[in-house]
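Q: Could we go through this model together? I would like to begin with its aromatic rings.

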Amino acid sequence: MASIKKVYRGMQNGAETINDNLEAINSELTKGMSNFTKRTTTWSSNGINIAFTRVGLLVIGLWGGSQSHVEQGFTYTNPIPSGFRPNTQAKLVVVQSAASSFNIDTNGTVRYWGVSSTNGNLSGMLAYFTNDPFPAS
């Protein structure tokens, strides 16, 4: 908590004390703001691209791309980067030639669940919460 000094009528250096108090309050208010700053990253694998934005504990992913001949249960080779991983498994349901979904596990692993040998253009949006430490800029 900010250390505030009492200001009274006729005090010596009153203006400086008020300024010091305002600076102390500002410092306290902005101390934790780095945890709410927006950060972005991009993940790509097998023709799928996801642009992640994180604000506080919320992660939003806008994704798209074109995949070809992916089998059900396929695990993408690179995980979602730390700082953008869900606190519980996230699911993204897609309507392609048939309903399918992508799962993002808490360790960042991405898996495809849907029609085997599927291909085509995909796009969508997902949002979830994370417990990951806030990523550095």
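A: A definition comes first: rings of Phe, Tyr and Trp (its six-membered ring) pair if their centres lie within 6.5 Å. This is a predicted model, and ring pairs in it link Trp-43, Trp-63, Phe-74, Tyr-76, Phe-102 and Tyr-112 into a cluster.

Q: How many aromatic pairs does the structure hold?
A: There are six aromatic pairs. One of them joins Phe-52 and Phe-84, with 6.1 Å centre to centre and 40° between the planes, a tilted arrangement. Phe-52 lies in strand E2 and Phe-84 in the loop between E3 and E4, 32 residues apart, so this pair links distant parts of the chain.

Q: Is Phe-84 buried or exposed?
A: Phe-84 is buried, at 3% relative accessibility. Phe-52 is also buried, with a relative accessible area of 0%.

Q: And what about Tyr-76 and Phe-102, how are the rings placed?
A: Their centres are 6.1 Å apart and the planes stand at 35°, so the pair is tilted. Tyr-76 sits in the loop between E3 and E4, and Phe-102 in strand E5, 26 residues apart. Both Tyr-76 and Phe-102 are buried.

Q: Changing topic: which way do E2 and E3 run?
A: Strands E2 (residues 48–55) and E3 (residues 58–70) run antiparallel and are joined by eight bridges. They form a hairpin with two residues between them, and Gly-56 in the turn has a positive phi of about 65°.

Q: What stands opposite Asn-49?
A: Gly-64 in E3 does.

Q: And the overall fold, what is the pattern along the sequence?
A: The pattern is α-β-β-β-β-β-β-β, with one helix and seven strands. Buried residues make up 34% of the 137 residues.

Conventions: Residues numbered from 1 in each chain as written. Predicted model: local features only at pLDDT ≥ 70, side-chain atom pairs only at ≥ 80, totals over all residues. Heavy atoms only, no water. Helix = DSSP H or I, 4+ residues; strand = E, 2+ residues; numbered from the N terminus. Buried < 20%, exposed > 50% of the residue type's maximum accessible area, 1.4 Å probe, protein only. Pairing = 2+ DSSP bridges. Phe/Tyr/Trp six-rings, centres within 6.5 Å; stacked < 30°, edge-to-face > 60°.
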